[in-house]
Amino acid sequence: MADFDLVLKHWGPVEADYSTHGNLVLTRLFTEHPETQELFPKFVGIAKGDLAGNAAISAHGATVLKKLGELLKAKGNHATILKPLADSHATKHKITINNFKLITEVIIKVMAEKAGLDSAGQQAMRNVMSVVIADIDASYKELGFSG
């Protein structure tokens, strides 16, 4: 519970502008891990230099961060939030577990830079996300998806 509270203490700036922060997260993800851009069919043709100004990337990034906010505020009681997400990411999007780990590290970097997430908060986010990712992985296994 303390890990959730520590991360939520720094969530305000993210929540205040999901679109900007979401664009920063996805732009950095696609820049640092170019193979991840291919996982988003509607973003495949966007040049690296055009990522930051792209409204669709901002909108999708906002969706990602809003869902993360729901998970954080659930403080571990997230099964009903996570199950549909895990199902769609396994069956429809085919997103491997490693990609959740990659985006977690990018979110931590962006929150450190833009929301003042200190080293204790960064470790708290890793702790929270390791539980979330383990739960996604468990759902994947139930579905027979080896992500």
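This is a predicted model: local features need pLDDT of at least 70, side-chain atom pairs count only at pLDDT 80 or more; totals for chains, interfaces and linings use all residues.
**Entry 1: helix 7**

I began with helix 7, which covers residues 119-143 and counts 25 residues. I compared its length with expectation: from first C-alpha to last the helix reaches 36 Å, close to the 36 Å expected at 1.5 Å a residue. I then looked up which of its residues are buried, and found Gly121, Ala124, Met125, Val128, Met129, Val132, Ile133, Ile136, Ser139 and Tyr140. For the spacing in that list I noted a general point: an α-helix has 3.6 residues a turn, so residues three or four places apart point the same way. Next I asked which helices the buried residues of helix 7 pack against. The partners are helix 1 (2-8), helix 4 (55-74), helix 5 (79-91) and helix 6. Finally I checked the residue just after the helix, Gly144, and recorded a positive phi of about 80°.

**Entry 2: Thr104**

I turned to Thr104, which sits in helix 6 (residues 97-114). Is Thr104 buried or exposed? I noted a relative accessible area of 5%; Thr104 is therefore buried, since the cut-off is under 20%. Leaving aside residues up to four places away in sequence, I found that Thr104 touches Met129 and Ile133. Both Met129 and Ile133 are among the buried residues of helix 7 that I had listed above.

**Entry 3: the largest pocket**

I looked up the largest pocket and recorded about 650 Å³ of space. Its lining has 25 residues, and those nearest the centre are Phe40, His60, Val64, His89 and Phe100. I then sorted the lining by element: helix 3 (18-32), helix 4, helix 5, helix 6 and helix 7 each supply at least two residues. Helix 4 gives the largest share, six residues. By class I counted 16 nonpolar, seven polar and two charged residues in this lining.

**Entry 4: the cavity**

How many cavities of 30 Å³ or more does the structure hold? I found one, and the volume of the largest cavity is about 40 Å³. I listed its lining as Trp11, Val14, His21, Val25, Leu65, Ile107, Val110 and Met111. The elements giving two or more residues to this lining are helix 3 and helix 6. Helix 6 contributes the largest share, three residues.

Terms used. Residues are numbered from 1 along each chain as its sequence is written. Side-chain values use heavy atoms; hydrogens and water are left out. Helices (H or I, at least four residues) and strands (E, at least two) are DSSP runs, numbered from the N terminus. Buried means under 20% relative accessible area, exposed over 50%, partly exposed in between (1.4 Å probe, protein chains only). Contact means heavy atoms within 4.5 Å. The expected span of a helix is 1.5 Å times one less than its number of residues. On a 1 Å grid over the protein atoms alone, a cavity is a set of points where a 1.4 Å probe fits but cannot get out, and a pocket is an open set with protein on both sides within 12 Å along at least five of seven lines; lining residues have an atom within 4 Å of a point. Grid points are joined across faces, edges and corners, and a volume is the space filled by probe spheres set on the points. Ala, Val, Leu, Ile, Met, Phe, Trp, Tyr, Cys and Pro count as nonpolar, Asp, Glu, Lys and Arg as charged, and the others, Gly among them, as polar.
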